[in-house]
Amino acid sequence: MTLAIGCAAIFALGLYGVLTRRDLIAIVVSAELMIGAANVQLVALALSRGADGAFVSSFALLVIVAMAAETAVGLAIIVSAWRRGKREQIDDFREVTG
Amino acid sequence: MTATEIALAASVALMLLGAIGATFVKDVTRLVLSLGLFLLGVAAAFLSLASALLAVSQIFVYVGGVLVLVLFALMMVRRGGTEAPRVESRHDIAAAATALGVFLILMLVPGPIEGVTLGEVAVDPGTVADALLGPDLVAFELTGVLLLVALLAVIVIVKGAKDS
């Protein structure tokens, strides 16, 4: 139960960070919190429901790798945005404003 | 309270501490340190859940890889002025309400996590390797393709910015 509450709280904290942070790198960091909490919750929930440990571990491993790739691309976009227009805050991106 | 439960509670505390720091601190260095703390907490949680392979992977990929990547990104994205770099936030009630709502949904929907004990569900890395090279081979190969695509994407994105 401690783990369930902790993971839910961390996911919510990450979501709050994504919604309130202005700095692009801080937004990526907040997204990492959400991913990490979801992955731990996934493993714990699957193991507690009697899922195959090898399958759960391999699935979680693939999630870790996929999310590392996502972070690398996200950070590359941030560095690219900085090089193009010295933009590092989310408010600097007005192109997609509705 | 068993040793596993204490270890799990300690790892959750570590994760929470890191998450709170990563969400609320304004100093960039502390932000990265908090992320490191959180990632170590995740590795400890995996270890407590009897998956040493996942714990080691978490440390190698995230603490050793992603954290360094974030540090490099921070160094490359030059912060203005001579003052210490700060991370700005815009706290508002709507974001807090949304986060609280998601927290409540996550508490209600998945159901309780019970019965996870170290001895019963210990995952042998050999069986994980068998699974990755057996029934999960397609997913494993697709992950390799994903990593290659991500690598090419990073090169294209950063090179495009350099050319312009």
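What percentage of the 164 residues in chain B is made up of buried residues? Buried residues account for 34% of the 164 residues in chain B, where buried means under 20% relative accessible area, exposed means over 50% and partly exposed lies in between (1.4 Å probe, protein chains only).

This is a predicted model, in which local features need pLDDT of at least 70 and side-chain atom pairs count only at pLDDT 80 or more, while totals for chains, interfaces and linings use all residues. Residues are numbered from 1 along each chain as its sequence is written, chains are lettered from A and ligands numbered from 1 in the order in which they are written, and side-chain values use heavy atoms, with hydrogens and water left out.

**Confidence**

The predictor gives the complex an ipTM of 0.89 and a pTM of 0.85. The table lists pLDDT, which is the predictor's confidence in each residue, from 0 to 100.

| Chain | Average pLDDT | Residues scoring at least 70 |
|---|---|---|
| Chain A | pLDDT 85 | 96% |
| Chain B | pLDDT 82 | 85% |

Where pLDDT is low, the predicted coordinates should not be read in detail.

**Chain B as a whole**

Chain B has six helices and zero strands, the elements being DSSP runs numbered from the N terminus (helices H or I, at least four residues; strands E, at least two). With contact taken as heavy atoms within 4.5 Å, residues 24 or more positions apart account for 63% of the contacts in chain B that have a separation of 6 or more. Chain B exposes about 9,200 Å², of which carbon and sulfur atoms supply 73%; accessible areas come from the Shrake-Rupley method with a 1.4 Å probe, and for residues only the protein chains shown count as cover.

**Nonpolar cores**

A nonpolar core is a set of buried Ala, Val, Leu, Ile, Met, Phe, Trp, Tyr and Cys residues joined through side-chain atoms within 4.5 Å. The largest one has 55 residues, of which Ile25(A), Val40(A), Phe38(B) and Val70(B) touch the most other members. Two or more residues are given to this core by each of α1, α2 (24-48) and α3 of chain A, together with α1 (3-24), α2 (28-48), α3 (52-76) and α5 (125-132) of chain B. The largest share, 13 residues, comes from α2(A). A second, separate core of seven residues includes Ala9(A), Tyr16(A), Ala99(B) and Phe103(B).

**Surface patch and helix α3 of each chain**

Leu40(B), Val56(B), Ile59(B) and Phe60(B) make a nonpolar surface patch of about 370 Å², to which α3(B) gives the most, with three residues. Ile59(B) is located in helix α3 of chain B and is partly exposed, with a relative accessible area of 35%.

In chain A, Glu70(A) is located in helix α3 and is likewise partly exposed, with a relative accessible area of 35%. The C-alpha atoms of Glu70(A) and Val28(A), 42 residues apart along the chain, are separated by 9.7 Å. Val65(A) also lies in helix α3 of chain A, and its C-alpha atom is separated by 26 Å from that of Trp82(A), 17 residues apart along the chain. Not counting residues up to four places away in sequence, Val65(A) touches Thr143(B) and Leu147(B).

Conventions. Patches are made of residues with over 30% relative accessible area and no salt bridge: like charges are joined within 9 Å, nonpolar side chains (Val, Leu, Ile, Met, Phe, Trp, Tyr) within 5 Å. A salt bridge is a side-chain nitrogen of Lys or Arg within 4 Å of a carboxyl oxygen of Asp or Glu.
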